Each structure stands twice: as C-alpha cells, then as structure tokens.
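Here is a short report on how parts of a fold are arranged. Look at the sequence and the model, then read on.

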Amino acid sequence: MEQLRKSYHGTEVLRGIDLTVEPGQVVCLIGASGSGKSTLLRCLNLLETVDDGTVWLADESGAEQDVTDPRVDVDGVRRRVGIVFQAYNLFPHLSVLQNLVLAPTRAAGVSRQAARERALALLERVGLADKAGAYPDALSGGQQQRVALARALAMDPEVLLLDEITSALDPLLVGEVLDVVKGLRADGIAVVMATHEMAFAREASDVVAFLADGEIVEIGPPEQLFDAPRDPRTAAFLARFRS
Ligand SMILES: Nc1ncnc2c1ncn2[C@@H]1O[C@H](COP(=O)(O)OP(=O)(O)OP(=O)(O)O)[C@@H](O)[C@H]1O
Ligand SMILES: [Mg+2]
C-alpha cells in the first residue's frame with residue numbers, strides 16, 4: 001500500500017497509509033475504535049474505493065497489479081484476497097460442507113468433487129471434520145468462525161484479511177480460532193488482521209502496526225511495539241491493556 005487515502009463525507013479516515021506485507025507474514029493492526037483498521041481492510045478487499053494512493057498485489061512471478069485501478073477485475077482480486085469479519089456470515093440454509101463448496105464451484109470453476117475434497121481437508125485442519133453435515137446454527141461461535149476461516153481458505157487466497165474475528169466470541173473460544181490463524185503462516189498466506197487481542201498480536205505476528213486517526217503511528221516487530229514503543233501515543237494506547 002502506498003499513500004492510501006480515504007475520506008467519508010469530507011473527513012479523512014485513512015491519511016496516507018504505507019504498508020508492505022510479505023507472503024507468509026502475519027501483520028496485526030491495532031488501535032483505538034475509529035482509527036481506521038476496518039476501513040483499511042475494506043479498501044484492500046475493494047469493498048470501498050480509495051480516494052488516492054495505490055495497492056499493489058504481486059504474484060509469484062513478481063508481476064504487480066494495481067488493484068485500485070477502476071478497470072480491475074474485482075472478483076479476480078477477491079479470489080486472491082479473502083476477508084473474514086467479526087460476524088461469521090455463514091449461509092444459514094447451507095451445511096458446513098456446502099458453505100465451503102459454494103464459492104469454489106460457482107466463482108472459481110473448481111469441480112464439485114475437487115471442491116468437496118478440499119473442503120473436507122480444510123475442515124480437518126480447523127478441527128471440524130465431524131461437522132461437515134451440520135448447519136451453522138448448531139455450532140458454537142468459535143466453531144462457526146473456524147468454518148468461516150475454512151471457507152475463506154477454500155478459495156486459496158494469497159492474502160487473508162481478518163477483521164476482529166474473535167471479538168464476538170466467548171473468551172474461552174478465542175484461542176481455538178487464533179490457533180487456526182497461527183497455522184496459516186506455514187502456507188505462505190499473508191494475513192492482515194485487525195485485532196484487540198494484544199496477547200495474540202504479541203505472540204503470533206511478524207509485524208504490528210499501531211493506527212491512530214487514520215495513520216500508522218508506529219510499525220515494527222511485536223517486541224518493539226509492545227516492549228519499547230517509540231511513540232508516546234503507542235505507549236498510551238498499550239497502557240490501557242495493562243492493569
Ligand atoms: N461507511 C462509513 N461512512 C461514514 N463514516 C465511516 C464509514 N465507515 C467508517 N467510517 C468512519 O471512519 C472512521 C474509521 O472507522 P473504522 O471502522 O475503520 O475504525 P476501526 O479502527 O475499525 O474501529 P473499531 O475498532 O471500532 O472496529 C471512523 O471515524 C468511522 O466513523
Ligand atoms: Mg473495525
């Protein structure tokens with residue numbers, strides 16, 4: 001991302017965001033409510049248009065695509081950049097397996113058989129192999145959110161955007177969801193995650209970015225951000241999480 005800017009009704013809520021995310025990196029966005037974390041993620045998934053600046057998406061060959069170009073293939077970008085929200089948004093009338101098979105067969109041209117096999121493997125991976133036939137309302141919040149992650153992974157994204165995926169969960173269920181996120185590193189998927197889970201950000205991210213008022217105030221490895229913040233605003237924000 002280069003100098004990304006976004007305003008709503010004349011108020012700038014992203015004020016020149018520069019951020020580079022490498023394959024396999026977990027980048028956590030932290031910051032107060034209203035600092036711009038969700039807006040940033042939504043711009044990356046083309047759910048919002050940006051007013052200025054560029055988002056480059058590089059493929060394995062190194063070729064870069066400007067995804068903010070108005071002529072871009074939006075569905076093509078969304079296949080490469082998945083997003084999971086706080087509310088699980090599973091299709092309630094479809095079984096867990098059907099939830100996972102739908103997009104790959106409809107939008108990515110994968111055969112039913114291949115999509116099914118991949119879905120079952122992903123369910124195994126998120127610890128829900130036995131829930132393939134269940135409907136979302138029969139699952140706990142943590143289970144639903146793991147299905148939502150598996151559903152995003154079923155599209156084989158290169159980048160996964162996660163917006164507060166644990167904030168609607170019972171604290172006891174947070175760990176099981178975050179364990180799935182930790183496992184993504186091994187696949188080379190880049191993860192950009194807005195979170196209020198400071199313990200997770202410290203333990204599992206490669207880079208932490210602290211946002212305030214639409215700007216990245218400070219960015220660096222978690223040890224730096226949490227143990228030796230350079231900006232007084234970072235220190236003040238983090239102090240709220242220590243009691
Ligand atoms: N669709 C919208 N229309 C108008 N203003 C918006 C819209 N979406 C977000 N905003 C404003 O943009 C700013 C950034 O909001 P955003 O949702 O990105 O914050 P956030 O960091 O995700 O906060 P939280 O931690 O509460 O989720 C806020 O001032 C918000 O009110
Ligand atoms: Mg938000």
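Helix 3 passes helix 5 in a right-handed crossing (the near helix is turned clockwise from the far one by less than a right angle). Helices here are DSSP runs of H or I with at least four residues, strands are runs of E with at least two, and both are numbered from the N terminus. The model is predicted: local features need pLDDT of at least 70, and side-chain atom pairs count only at pLDDT 80 or more. Residues are numbered from 1 along each chain, and side-chain values use heavy atoms, without hydrogens or water.

Two packed helices are described by the angle and the distance between their axes. The axes of helix 3 and helix 5 come within 8 Å and cross at roughly 25°. Axes are lines fitted to C-alpha atoms, and angles run from 0 to 180 degrees between N-to-C directions. The two helices are therefore roughly parallel (angles under 35 degrees).

| Helix | Residues | Contact residues |
|---|---|---|
| Helix 3 | 96–107 | Val 96, Asn 99, Leu 100 |
| Helix 5 | 141–153 | Val 147, Ala 150, Arg 151 |

Six strands form an open sheet in the order 7-8-9-3-10-11, with mixed pairing. Two strands pair if DSSP finds at least two bridges between them. Strand 7 (81–84) and strand 11 (215–220) stand at the edges with a single partner strand each, so one side of each has no neighbour in the sheet. Neighbouring strands are turned by 20° against each other on average, direction ignored.

Strand 3 (residues 26–31) runs parallel to strand 9 (residues 190–194), and four bridges join them. Val 27 stands opposite Val 192 in strand 9.

Terms used:
Chains are lettered from A and ligands numbered from 1 in the order in which they are written. Angles under 35 degrees count as roughly parallel, over 145 as roughly antiparallel, 65 to 115 as roughly perpendicular and the rest as oblique. Contact means heavy atoms within 4.5 Å.
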